[in-house]
Amino acid sequence: VQLQASGGGLVQAGGSLRLSCAASARTFSSYAMGWFRQAPGKEREFVAAISWSGGYAYYAESVKGRFTISRDNAKNTVYLQMNSLKPEDTAVYYCAADPADMVHRTTPDYWGQGTQVTVSS
């Protein structure tokens, strides 16, 4: 499956962005989806995960209460709504997909190309 992330950009602290990730899969609902991020000089880290139907979501502690993951299986798209952004949220954000497990519990099989999010103070 191919994943195409979009929606990144430059925003001031306290602002909002919504990332989108469009998937090429014919059976998008067969994949658990999620988002990861990688800041300069740091390891890639988990951000948010969503189950196949969208009924269950899981978040990293650092974004809980500020970010919301959702999916539209009819549009083959997963979203990440990011509110109350902080400079430490600056990173390249990657969407990921896995057919067998929630993405925070495994190394996902499929990755998108990443979209840059920069939060200025």
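# Close-up views of a predicted model

**View 1. Asn-76 sits in the turn of a hairpin.** Strands β7 and β8 form a hairpin with four residues between them, and there Asn-76 takes a positive phi near 55 degrees. The model shown here is predicted. Asn-76 lies in the loop that runs between β7 (67-72) and β8 (77-82). Its phi is positive even though Asn-76 is a residue other than glycine. Is Asn-76 buried or exposed? Asn-76 has a relative accessible area of 18%, so it is buried; the cut-off for buried is under 20%.

**View 2. Strands β7 and β8 run side by side.** How many bridges join β7 and β8? There are six, and the two strands pair in the antiparallel sense. Two of the residue pairs can be picked out here. Phe-67 has Met-82 in β8 as its bridge partner. Strand β8 is mostly covered, with five of its six residues buried.

**View 3. Strand β8 also pairs with β3.** Strand β3 covers residues 17-23. The pairing of β3 with β8 is antiparallel and spans six bridges. Look for Leu-19: this residue stands opposite Leu-80 in β8.

View 4. In which order do the strands lie? The order is β1-β3-β8-β7, and the pairing is antiparallel. Strands β1 (3-6) and β7 are the edge strands, and each pairs on one side only. Neighbouring strands of this sheet are turned against each other by 15 degrees on average, direction ignored. What holds such strands together? Strands of a sheet pair through backbone hydrogen bonds, either parallel or antiparallel.

**View 5. A disulfide joins Cys-21 to Cys-95.** The structure holds one disulfide. Its partners are Cys-21 and Cys-95, with an S to S distance of 2.1 Å. This pair links distant parts of the chain: Cys-21 belongs to strand β3, Cys-95 belongs to strand β9, and they are 74 residues apart. Why is this disulfide called right-handed? The torsion about the S-S bond of Cys-21 and Cys-95 is about 55 degrees, so the disulfide is right-handed. Are the two cysteines buried or exposed? Cys-21 is buried, and Cys-95 is buried too.

View 6. Ser-84 is not a glycine, yet its phi is positive, at about 50 degrees. The relative accessibility of Ser-84 is 40%, so this residue counts as partly exposed.

View 7. Where is Arg-66 found? Arg-66 is in the loop between β6 (57-59) and β7. The relative accessible area of Arg-66 is 11%, so the residue is buried. Which residues does Arg-66 touch, not counting residues up to four places away in sequence? Gln-81, Met-82, Asn-83, Ser-84, Leu-85, Lys-86 and Asp-89 are the contacts of Arg-66. Met-82 is the bridge partner of Phe-67, and Ser-84 has the positive phi of about 50 degrees.

Notes. Residues numbered from 1 in each chain as written. Predicted model: local features only at pLDDT ≥ 70, side-chain atom pairs only at ≥ 80, totals over all residues. Heavy atoms only, no water. Buried < 20%, exposed > 50% of the residue type's maximum accessible area, 1.4 Å probe, protein only. Pairing = 2+ DSSP bridges. Axes fitted to C-alpha atoms, helices over the stretch in contact; angles between N-to-C directions. Disulfide = S-S within 2.5 Å. Contact = heavy atoms within 4.5 Å.
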